[in-house]
Amino acid sequence: MSRQLLGRIATVAGALALVALLAVLGRAWWDSRLPQTYSVMSYGTHDYGGGPAPPDHSEHGGGTSVSALREPGHEVPDARFELTAKAADIRLSGGRVVHALTFDGMSPGPELRVHQGDLVEVRLRNADVDQGVTIHWHGIDVPNVEDGVAGVTQNAVLPGESYTYRFRAKQVGTFWYHTHQVSSTDVGRGLFGVIVIEPSERQPGVDMVVAAHTYDGIATLNRDEGGGRRKVPVGTPVRIRIVNTDSSEHTFTVSGTPFRVLAIDGTDLNGPTELRDVALPVAAGGRIDVGYVQPPHGVSVGLEGTSVAITFGPGWPQVSETKPTISFDPLTYGRPAPTPFSASSTFDRDFHLAITKKLGFYDGKPGRQWALNGKIYPDVPMFVVEKGDLVRVTIANRTRVVHPMHLHGHHALVLSRNGEPSTGSPWWTDTLNVVPGDEYVIAFRADNPGIWMDHCHNLGHAAAGLTMHLAYAGITTPFLVGGEDGNTPE
Ligand code: C2O
Ligand code: CU
């Protein structure tokens with residue numbers, strides 16, 4: 001064969017290889033595009049966690065709709081609220097005005113306080129939030145239909161519409177509420193607030209919320225850019241409920257007093273000991289309650305590395321800044337106490353979740369994508385359980401950034417981290433800060449039937465595919481992502 005001919009064959013072969021490669025890539029791109037409208041039920045790869053595959057009722061048109069999973073009875077609510085979602089200009093303490101999305105013209109929205117055992121009813125009205133709004137009760141294990149996820153448990157509430165939530169406040173603790181429609185932009189713009197479930201007996205002392213949020217790049221605590229003060233008389237027991245409503249982790253400092261960590265994610269800790277010069281990392285979406293007794297000088301709670309802080313005390317107290325040398329670690333803090341199950345229990349289902357990044361297409365966009373068990377959304381695992389199952393989940397973060405993993409509708413008990421067992425107080429979580437390289441083993445009882453989101457609470461990550469679902473066998477949803485209401489939960 002002549003040189004020329006060989007050259008020509010090589011060119012043709014190269015061109016064919018290129019065409020084949022383009023065809024494969026084109027196919028991957030085409031397949032990755034999310035349809036205009038779809039049911040979350042038809043996505044995900046069913047993962048039974050090594051347990052039996054439950055009979056599939058949904059194929060025969062049977063099954064229970066999420067809409068049936070509601071608070072029973074018709075009693076008159078003990079606590080009733082109305083929240084109106086609307087665009088409004090809010091003024092930060094430094095005078096800057098932010099074009100925000102608000103509940104009742106405020107961001108944070110009104111602080112809701114209810115008592116344990118209350119039947120709570122909240123009517124949501126949407127005045128003018130164009131893309132629609134919902135309310136998700138972050139950390140409150142409500143019946144599924146009250147979960148507020150557009151396209152999964154309800155339709156987005158469009159301008160002029162309203163929707164009523166109703167649930168029994170069974171837990172005690174610090175929670176927050178936020179829209180779960182285009183949450184990756186609208187929570188950041190201000191559609192959130194704090195809800196506290198107080199014990200039914202009155203507690204002595206003062207009880208205050210400190211909510212961190214960044215508006216247009218400006219870090220705030222309770223919409224305050226720094227220097228805020230609250231009067232507290234000497235000797236008063238103080239409980240401060242720290243809530244991180246941002247999409248990134250924040251480290252909080254408590255200066256001017258030793259303190260105790262009283263609760264994590266709304267669950268009280270057992271036997272919390274006194275801490276001093278300890279920094280408190282709080283996951284995006286997570287909460288930590290701290291307690292101390294007011295000394296004669298000021299105590300400040302601040303965002304590490306910034307001048308944003310709120311000072312508590314009598315008069316105009318001076319605080320000496322603390323320089324924390326170590327970070328709070330719930331794995332070894334407090335005293336053990338009996339739990340309904342433990343690391344030595346027999347689990348009905350055992351799931352594994354590895355978070356990685358890989359090259360591929362997400363909704364037609366090429367790049368390095370979030371992958372769950374090696375799969376890019378929507379081909380991610382869907383954990384399927386049956387009511388009553390005891391479930392164990394191992395979560396491994398094999399990426400270079402933190403992922404605050406949030407499971408709706410349940411609280412999980414942390415069993416171990418990187419093989420090291422939890423030896424302190426029982427540590428129940430709904431938003432677990434999984435830092436790069438960490439592997440947690442957690443467990444929960446599947447006692448709240450429904451279809452529940454399980455996602456990263458860096459809401460930008462969730463919108464980029466770090467989202468999956470926990471589904472109970474036999475439960476279906478009539479709601480669709482996309483559709484006429486434009487349901488876009490992330
Ligand atoms: Cu705080 Cu799925 O959300
Ligand atoms: Cu993430």
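## Close-up views of a predicted model

**Figure 1. Who sits around Glu-490?** Once we skip its neighbours within four places in sequence, Glu-490 is in contact with Val-182, Ser-183, Ser-184, Met-453, Leu-459, Ala-462, Ala-463 and Thr-467. Keep in mind, here and in every other view, that this is a predicted model. Glu-490 itself belongs to the segment that comes after strand E35 (475–476). Glu-490 is buried and yet has no salt bridge. How far away is the nearest side chain of opposite charge? That side chain is Lys-365, and it is 11 Å away.

**Figure 2. Three residues hold the copper ion (ligand 2).** Zoom in on the metal and you'll find His-403 (ND1), Cys-456 (SG) and His-461 (ND1) coordinating the copper ion (ligand 2), at 2.0 to 2.1 Å. Written as a sequence pattern, the spacing of these donor residues is H-x52-C-x4-H. Are His-403 and Cys-456 buried or exposed? Both of them are buried.

Figure 3. Trp-428 is part of strand E30 (residues 428–429). Its relative accessibility is 17%, so Trp-428 counts as buried. Which residues does Trp-428 touch, if we don't count those up to four places away in sequence? The list runs Ile-264, Asp-265, Thr-267, Thr-339, Pro-340, Phe-341, His-411, Ala-412 and Leu-413. Now check the distance to Gly-266: from C-alpha to C-alpha, Trp-428 and Gly-266 are 8.6 Å apart in space, though 162 residues apart in sequence.

Figure 4. Thr-311 has its place in strand E21 (residues 309–313). With a relative accessible area of 10%, Thr-311 is buried.

**Figure 5. Glu-75 meets Arg-168.** Searching the whole structure turns up 21 salt bridges. One of them joins the side chains of Glu-75 and Arg-168, at 2.8 Å from N to O. Glu-75 lies in the loop between strand E2 (64–65) and strand E3 (79–91) and Arg-168 lies in strand E8 (residues 162–168), so this pair ties together parts that are 93 residues apart in sequence. Glu-75 is partly exposed, with a relative accessible area of 41%. Arg-168 is partly exposed too, at 24%.

Figure 6. Asp-289 forms a salt bridge with Arg-239, and their closest N and O atoms are 3.0 Å apart. This pair links distant parts of the chain, with Asp-289 in strand E19 (residues 287–293) and Arg-239 in strand E14 (residues 237–244), 50 residues apart. Asp-289 is buried, with a relative accessible area of 1%. Next up, Asp-265 forms a salt bridge with Arg-287, where the closest N and O atoms are 3.7 Å apart. Asp-265 sits in the loop between strand E16 (260–264) and strand E17 (267–268) and Arg-287 is in strand E19, so the pair ties together parts that are 22 residues apart in sequence. Asp-265 and Arg-287 are both buried. Which residues do salt bridges with shared partners join into one network? They are Glu-111, Arg-113, Glu-198, Asp-207, Arg-239, Arg-241, Asp-268 and Asp-289.

Figure 7. Leu-18, Leu-21, Leu-22 and Leu-25 make a nonpolar surface patch of about 380 Å². Leu-21, one of these residues, lies in helix H1 (residues 3–32). Leu-21 is partly exposed, with a relative accessible area of 47%.

Figure 8. Start with the prolines. The peptide bond from Ser-107 to Pro-108 is cis, with omega near -10°, and Pro-108 lies in the loop between strand E4 (97–103) and strand E5 (112–115). The peptide bond from Tyr-377 to Pro-378 is also cis, with omega near 5°; Pro-378 is in the loop between strand E24 (365–372) and strand E25 (381–385). Then look at the phi angles. Asp-277 isn't a glycine, but it has a positive phi of about 55°. Asp-363 isn't a glycine either, and its phi is positive at about 50°.

Conventions. Residues are numbered from 1 along each chain as its sequence is written. Chains are lettered from A and ligands numbered from 1 in the order in which they are written. This is a predicted model: local features need pLDDT of at least 70, side-chain atom pairs count only at pLDDT 80 or more; totals for chains, interfaces and linings use all residues. Side-chain values use heavy atoms; hydrogens and water are left out. Donors are N, O and S atoms within 2.8 Å of the metal (3.2 Å for Na, K and Ca); water is not among the atoms, so sites may look incomplete. Buried means under 20% relative accessible area, exposed over 50%, partly exposed in between (1.4 Å probe, protein chains only). Patches are made of residues with over 30% relative accessible area and no salt bridge: like charges are joined within 9 Å, nonpolar side chains (Val, Leu, Ile, Met, Phe, Trp, Tyr) within 5 Å. Accessible areas come from the Shrake-Rupley method with a 1.4 Å probe; for residues, only the protein chains shown count as cover. A salt bridge is a side-chain nitrogen of Lys or Arg within 4 Å of a carboxyl oxygen of Asp or Glu. Helices (H or I, at least four residues) and strands (E, at least two) are DSSP runs, numbered from the N terminus. Lys and Arg count as positive and Asp and Glu as negative; His and the chain ends are not counted. Contact means heavy atoms within 4.5 Å.
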